[in-house]
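Visitor: I would like to look at the charged side chains here. Could you take me through them?

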Amino acid sequence: MRYQVVVLDEEIGSDFDISSIAWQKHPAGDASAEFSTFKIYMGLCSEDQLGSIFDDNYITGTRTLVYESSSQVMSGGIDEWVSILLDTDYQYDSSEGNLIIEVTWVSPVDSNSFYSRSWDAGTIRAVGYTQAGAPTQPTGSLSSSLPRLTITGSAGGALESLTFGAVKSMDWR
């Protein structure tokens, strides 16, 4: 499975080293779910909207692996922020473009689901491919539904919660 979202430079507002990312847990789904071959990439995008070809959304040479786990457990209570500390900080330069966050995994290890809160951005800012075992799938389906997420870093902390609006649900499976 493969999922990509673009966070606009004006939503971030400044340069900083991103050290962690968190998603807000939705009431639906299970208290925890485990995913195999879980990876997070970050990079830059010159556009405010994404196209259906994952790799074409990146500015060439900017896709960077920032986290990898052979088995990732996502767990938390309703509306709790579920955080992952990155293996490698990502140095985001707001003058270079928008931030892409991409998550890939092979399949759930168990039959559980992890859902995060989400909101409708009104424009196509996400692309996903949700068939099991396809983290390298080159194309995906476009969406305006974005997960509620927070990124933290050394130059100012978390994104403001006002950055991300209305709440909807998203299935991580």
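Visitor: Which residues are linked in a network of salt bridges?
Guide: This is a predicted model: local features need pLDDT of at least 70, side-chain atom pairs count only at pLDDT 80 or more, and totals for chains, interfaces and linings use all residues. Residues are numbered from 1 along each chain as its sequence is written, and side-chain values use heavy atoms, without hydrogens and water. A salt bridge puts a side-chain nitrogen of Lys or Arg within 4 Å of a carboxyl oxygen of Asp or Glu. The network joins Arg2, Asp55, Arg63 and Glu102.

Visitor: How far apart are the closest N and O atoms of Glu102 and Arg2?
Guide: Glu102 is in strand S6 and Arg2 in strand S1, 100 residues apart (strands are DSSP runs of E, at least two residues, numbered from the N terminus). Their salt bridge brings the closest N and O atoms to 2.5 Å.

Visitor: Is Glu102 buried or exposed?
Guide: Buried means under 20% relative accessible area, exposed over 50%, partly exposed in between (1.4 Å probe, protein chains only). Glu102 has 0% relative accessibility, so Glu102 counts as buried.

Visitor: Which residue meets Arg63 in a salt bridge?
Guide: Arg63 is partly exposed, at 33%. Arg63 lies in the loop between strands S3 and S4, and its partner is 39 residues away in sequence. The N to O distance is 3.2 Å, and the partner is Glu102.

Visitor: Which residue forms a salt bridge with Asp79?
Guide: Asp79 lies in the loop between S4 and S5, and its partner in strand S8, so the pair ties together parts 38 residues apart in sequence. The closest N and O atoms are 2.7 Å apart, and the partner is Arg117.

Conventions
Helices (H or I, at least four residues) and strands (E, at least two) are DSSP runs, numbered from the N terminus.
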